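Student: I would like to know where the terms used for a protein model come from. Could we set them against their definitions?

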There are 2 protein chains.
Amino acid sequence: MTFWQTDATHDPALASWVESAKGHRDFPIQNLPLGVFSPAGETPRIGVAIGDMILDLSACAKAGLLPDAASSAAGSDSLNAFMALPEGDRKALRAILSQMLADNDQRSAVEPHLHRAGTCTLHLPARIGDYTDFYVGIHHANNVGRQFRPDNPLLPNYKYVPIGYHGRASSIRASGVPLVRPTGQRKPPEADAPVVGPSVRLDYELELGVWIGQGNELGTPIPISEAANHIAGFCLLNDWSARDFQAWEYQPLGPFLAKNFHSTISPWVVTPEAMAPFRMAQPPRPEGDPAPLGYLSDDEDRSHGALAVTLEVFLSSAKMREAGMEPFRLSRGPASNMYWTVQQIVTHHASNGCNLQAGDLLGTGTISAPTRDGFGSLLELTSGGKEPISLPSGETRTFLEDGDEVTLRATAHAEGYVSIGFGECRAAVLPAR
Amino acid sequence: MTFWQTDATHDPALASWVESAKGHRDFPIQNLPLGVFSPAGETPRIGVAIGDMILDLSACAKAGLLPDAASSAAGSDSLNAFMALPEGDRKALRAILSQMLADNDQRSAVEPHLHRAGTCTLHLPARIGDYTDFYVGIHHANNVGRQFRPDNPLLPNYKYVPIGYHGRASSIRASGVPLVRPTGQRKPPEADAPVVGPSVRLDYELELGVWIGQGNELGTPIPISEAANHIAGFCLLNDWSARDFQAWEYQPLGPFLAKNFHSTISPWVVTPEAMAPFRMAQPPRPEGDPAPLGYLSDDEDRSHGALAVTLEVFLSSAKMREAGMEPFRLSRGPASNMYWTVQQIVTHHASNGCNLQAGDLLGTGTISAPTRDGFGSLLELTSGGKEPISLPSGETRTFLEDGDEVTLRATAHAEGYVSIGFGECRAAVLPAR
C-alpha cells in the first residue's frame with residue numbers, strides 16, 4: 001500500500017496571499033480541494049477552493065499556469081479526467097497550486113482568475129458512473145440491526161464481508177439542492193395491507209464518500225496493496241432514507257425506493273494528497289473478532305488506513321431559521337468508527353473482477369459512534385422514533401419535518417498540522433408533491 | 001396508457017429487397033431493431049439489423065436519406081439520443097426505414113450502406129446510466145425463495161411491491177464477450193468461517209431488458225398511464241450469478257459481488273413500435289391475490305400490458321462444440337410469467353420521484369415458467385445443485401463449468417403477424433484468473 005506522504009504543501013507555516021484562506025475552517029492553503037463551479041451567469045468549469053474564493057483552473061490552464069497533464073484535464077466541465085490522472089500528475093498539480101497561492105510574486109498573474117465562492121454555483125464534481133453504498137459503520141449496523149432483528153442485530157457475514165449494495169447515480173445532487181419528500185408504500189404494523197403516501201419516517205444518514213480515480217479492467221481485481229492508488233478523493237454523503245418504505249420493501253433484495261429518491265454530496269473533492277497528514281492506524285478489532293481474510297489484509301492498511309476525521313450533523317428547522325437561531329448539532333464523532341477502511345472496500349468491490357471507473361462514488365454507509373452523541377441517523381438518535389429529541393426552538397423531532405435542513409460537516413486534524421474541512425453537505429426537505 | 005398501434009410497417013405481406021430478411025428468424029423487415037456496430041476496422045456507429053445485414057444509419061443520414069430528427073441523432077456512437085426522441089420522431093424513422101428497405105426503387109441508393117453482419121462487431125447500444133434489476137418472475141421468486149426459506153418462499157411484500165434493486169452498469173457487456181469466473185467469499189454449510197476462491201455455483205439468469213427512453217425530472221413520478229411512453233425498447237439480459245457468494249453476502253442489503261462481475265445483453269434494441277402486434281392481456285392474478293395498488297393499476301395495462309414473447313435458453317459445453325454438436329435447449333417458456341408488467345416496473349421505479357434517464361436499463365428478473373421445462377436458471381433446473389441435468393454429450397451439469405457457453409433467445413409472435421426475434425444474448429465462461 002502506498003499512501004501519500006506529507007511534503008512542503010502540508011507545512012503548517014505555509015500561508016496564502018488569499019486573506020480568507022488564513023485560519024479558514026475548511027479551505028486553508030493546505031487543503032486545495034477540486035470541484036466544478038459556475039461564476040454567476042457563466043458555464044460550469046473546474047476550480048479549486050481557497051478560503052472564501054474559487055480559483056478557475058480552466059482560466060489558469062489557458063493562461064499557461066498549469067502543468068501539461070493538468071491543463072488538458074482542466075478544459076472539461078467535470079473532474080472525471082482529473083480523477084483518472086496518474087498520481088505523479090496529480091501531485092505535480094498540487095505542488096504548483098500551492099506555490100501559486102502562496103507566492104506573492106505570482107499574485108498578480110493568478111488573482112484575476114479568482115471568484116468569490118458566494119457568487120458561484122457549485123455542481124456535482126464528476127459524472128458518476130456507478131454509485132455503491134457500503135455498511136462499514138459497525139455501531140450503526142448494530143443499532144439498526146437491533147431494531148429490525150432484536151435477537152440477531154449483526155448478521156454472521158458482517159465481520160468477514162464489507163457489506164455493500166449498488167445505489168442510484170442519477171439522483172445524486174450537490175449540496176444546496178432541496179429534496180422532495182418521497183411518496184411510496186409503507187405497511188403500518190397493525191394493517192393488513194400497505195398504504196401509499198408521503199414518507200412519515202424520513203431520515204438522513206451521515207456518510208463519507210470516496211471518489212474512484214484510476215479504474216481496473218473488468219475481470220481484474222485490485223490488490224489491497226494498490227487500493228489507495230485507485231482513490232481520487234473524499235466528500236461527505238447524506239444518504240436520505242425513508243425508513244417506513246425501507247422496512248416494507250427491503251427483503252429480500254435490499255433498499256431501493258427507500259433510498260434512491262435523492263442523495264446529497266459535498267461538492268469539493270478533498271484529495272488523497274491533502275489527506276496525507278490525516279492517516280492513522282485502524283483501531284484494533286474487538287477481542288474475539290476474526291482477522292480480515294487474506295485479500296483484505298495489509299500491514300500498511302492496518303497502520304495508516306484509517307482517517308483522522310471528525311464528523312458532525314446539524315439540524316435547522318424552518319422555525320429556527322425564522323427566529324435567526326443557529327443550526328443545532330445532533331451528533332459528533334470520529335470516522336474511525338468504520339469496521340473496514342476505504343482501501344478495504346475498494347479491494348472488496350473489485351475482488352470478483354467488477355470494474356471500477358474514474359468518477360465512481362462509494363459511500364461508507366452511516367458512521368455512528370458507540371454512544372448516542374455520535375449516532376449518525378435519527379433512526380438511532382430517537383430509538384426508531386420512540387424517543388423524540390428536543391430542538392432549541394422548543395420543537396421536537398422523531399423524523400424529519402418539511403422545511404428541516406440537514407448539514408453534514410467533516411474536519412481532518414492531526415497534531416502539528418493545519419486542520420482541513422470538507423465544506424458543507426446541506427439540503428432542506430420540501431413537501432411531497 | 002398509449003401503446004403503439006400496428007400500421008403498414010407490420011404488414012405480413014411486406015418484403016424487403018434484402019434477400020436474407022425474408023423469413024429471417026430474428027430480423028425480417030417487420031422488426032428493424034437499432035444497435036451500434038463497427039464494420040471491420042472502422043469506428044462504432046448506429047445501424048439497423050435487416051436479415052443478415054446491417055444498414056449504416058450514420059451513412060444514410062449523411063446521404064440525406066433520413067428524417068431531420070433521426071439524422072441528428074444518427075451521428076453518435078450510442079443510441080442515447082435516439083432513445084430520447086419523442087415518439088413521433090421515432091415512428092417517422094421506422095416508416096422511412098421500412099420503405100427504404102422494401103421499395104426496389106430505393107435499393108440502389110440504400111444498398112451501398114449495408115454491411116454483412118458477420119463481418120461487423122456489435123457493441124453496447126447505449127451508455128447505460130443506471131441499471132436496475134427487478135424480480136417479477138413469480139415462479140422464479142417461489143422456486144428460489146423455497147430454497148432459501150422453505151417455510152416462507154414468497155415474502156409478504158411480493159404481491160404489492162414490484163421488488164427491484166440497483167445493479168452495476170459498468171460491467172454490462174454485449175453478447176459475445178466472455179466472462180471470467182469470479183473469485184469471492186463463500187461459506188460452506190459445515191464450515192465455521194468463509195473461504196475465498198473461484199465460484200463453484202456459477203449460474204445464468206434468463207431476463208428481458210427494458211431500455212428507458214424519455215426520462216422524468218427528479219421528484220416527478222411517471223403515472224402508469226404514461227409509462228409506455230418512457231420505454232425505448234427491449235433486449236435479452238443474462239444476469240450471471242454466483243449462487244455461493246449470493247447466499248453468504250445477500251443479507252441484509254441484497255446481492256452485490258454475486259452479480260456485478262458481468263452481465264450480458266443482446267445488442268439489438270427491439271423498439272416498442274416493432275412490438276405493437278405482440279402486446280397481450282396480463283394473465284389474471286391468481287384467486288385471492290390483492291389487486292395492484294392504485295398507482296400501479298390501469299385498464300390499458302391490464303388489457304395490453306404483457307408481451308407475447310417466447311424465451312429460450314441453450315447451453316453448449318466445450319466438449320459439445322468440439323464434437324460439432326448443436327447447443328442444447330435447457331428451457332422454453334413465455335414472458336407472460338411476469339407478475340408485473342414492464343409498465344408497472346417503470347412507474348414503480350419513478351413513484352418516489354427517482355429520475356430515469358434515456359439509456360437506463362431495467363431487467364425484469366429471471367422469468368421462469370411454472371413447470372421445470374421453463375425454469376430460467378440452473379439453481380431452479382437442478383433444484384439447487386441436487387439434481388444434475390444431462391447434456392447430449394454425456395456430460396452432466398449442476399452449475400456452469402469453464403468453457404460452457406449460454407445463449408438466450410426470444411421470439412415475439414401473434415396470429416396474423418410475422419414473428420420477430422431479439423437476436424442472440426450469448427457468452428462463454430473463462431476460467432478464474
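Student: Why is B:Asn104 called exposed?

Tutor: First, this is a predicted model, in which local features need pLDDT of at least 70 and side-chain atom pairs count only at pLDDT 80 or more, while totals for chains, interfaces and linings use all residues. Residues are numbered from 1 along each chain as its sequence is written, chains are lettered from A and ligands numbered from 1 in the order in which they are written, and side-chain values use heavy atoms, with hydrogens and water left out. Now the residue: exposed means over 50% relative accessible area, buried under 20%, and partly exposed in between (1.4 Å probe, protein chains only). B:Asn104 has a relative accessible area of 53%, so B:Asn104 is exposed.

Student: Where in chain B is B:Asn104 found?

Tutor: B:Asn104 is in the loop between α4 (87-102) and α5 (107-110) of chain B. Helices (H or I, at least four residues) and strands (E, at least two) are DSSP runs, numbered from the N terminus. The C-alpha atoms of B:Asn104 and B:Ser16 are separated by 8.3 Å, and these residues are 88 apart along the chain.

Student: What makes the pair B:Arg168 and A:Asp360 a salt bridge?

Tutor: The rule asks for a side-chain nitrogen of Lys or Arg within 4 Å of a carboxyl oxygen of Asp or Glu. For the side chains of B:Arg168 and A:Asp360 the N to O value is 2.7 Å, so the pair is a salt bridge. The rule finds four salt bridges across the interface of chain B and chain A.

Student: How many residues of chain B are in contact with chain A?

Tutor: Contact means heavy atoms within 4.5 Å. By that rule, 58 residues of chain B are in contact with 58 residues of chain A.

Student: How much area do chain B and chain A bury between them?

Tutor: Buried area is the accessible area (1.4 Å probe) that two parts lose on being put together, summed over both. For chain B and chain A this is about 5,100 Å², with 59% of it on carbon and sulfur atoms. B:Arg168, B:Leu253 and B:Phe256 supply 15% of the area that chain B buries against chain A, more than any other three residues.

Student: Which residues of helix α6 (residues 138-148) of chain A are buried?

Tutor: In α6 of chain A, A:Ile138, A:His140, A:Ala141, A:Asn143, A:Val144 and A:Gly145 are buried. What covers them includes α11 (378-381) of chain A.
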